[in-house]
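Thanks, everyone; I would like to take a few minutes to walk through this model.

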Amino acid sequence: MSFLDKLFKKGFRKSASTISSAPSVSAADKDGLSLASSIPDQYLPLWELQKQRQLLEVKISDASRVYQSMILAIDIERGLLWLDDLFPQQHVLDEGDEITLRHHRNGEQLVIRAPIVAMGSTYGASGIAILLPEFVYYAPRRNAPRFSIGHQSPLSVKIRTLGQEPSFGTLQDISTGGLRLLVAGNMLPYLRHGALLPLCEVDVSEDLHIRCRARICAFRMGRSPYRHTQISVEFIDLDDETRSNLAQFLRESQLTHTHSQYNNSQANRAYAAA
């Protein structure tokens, strides 16, 4: 019996025992606190997700399709995190594949990227085991603040979804990490969370041109100021020089906007006092 075989079978029995003995959400508070006290602080977010049986978003490597799973057990002794089988069912997953777990909470997200150590199906069991990260924490979903443009934006954004002709929309807000645009009409049939956009273009100024690929982060239909699709995207391969120039442009734009607001406020006060 290989080392991995022993590790998995021993770990799986431990996981099953952990699951059966773990208190439910309605269990006595003191039992929950007792179990939590045995979990290191850096893994308490995982324990909360397991206790509440929260669904996690799962992606395999760089694939765009999104799956769901739940935490079965936290095996601190062996440094493993045990997950339920993916839903919808996934047949090509194998040991060594890297997966990304995400959970969103109040504008923050928990992200774990780790390789698969073992597949339960190999040993006549369910679930998969991944390496337990050193630290687990929630961080703001947006790493860079976005500068709001608004419905009157004169800036046009050009995007192209896979297999479709380019679409044009108006820029709503932008940051060094991505942008949000409005496209007239219904684009929902052509959009998918996490899907790659081979083309994303916008001329922010005469000297600043964004040309890169992007990934769809969110989208929804809107009715005002006209029937449109609102799309949020993340820049994928924006070069460092362009990203730095964009950051400088946004800082200067924000300062100009703040200064203009201050001057208008001062003018209004002077007019009211006259």
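Let me start at Ser156, whose bridge partner in strand S11 is Thr170. Keeping in mind that this is a predicted model, strand S10, residues 156-160, pairs with S11 in the antiparallel sense over four bridges, and the two form a hairpin with six residues between them. In that turn, Gly163 has a positive phi of about 80 degrees.

Is S11 itself mostly covered or mostly open? It is mostly covered, since six of the eight residues in S11, which spans 167-174, are buried.

Turning to the cores, the largest nonpolar core has 27 residues, and Leu46, Leu81, Ile99 and Leu101 touch the most other members. Several elements each supply at least two residues to this core, including helix H3, strand S1 and strand S5, while S6 gives the most, with five residues. Taking Ile99 as an example, and leaving aside residues up to four places away in sequence, its contacts include Val58, Leu83, Leu93, Ile112 and Ile130. Apart from this core lies another, of 25 residues, among them Ile174, Ile210, Ala214 and Leu238.

For the overall picture, the protein comes to four helices and 15 strands, and 38% of its 274 residues count as buried.

Key: Residues numbered from 1 in each chain as written. Predicted model: local features only at pLDDT ≥ 70, side-chain atom pairs only at ≥ 80, totals over all residues. Heavy atoms only, no water. Core = buried A, V, L, I, M, F, W, Y, C linked by side-chain atoms within 4.5 Å. Buried < 20%, exposed > 50% of the residue type's maximum accessible area, 1.4 Å probe, protein only. Contact = heavy atoms within 4.5 Å. Pairing = 2+ DSSP bridges.
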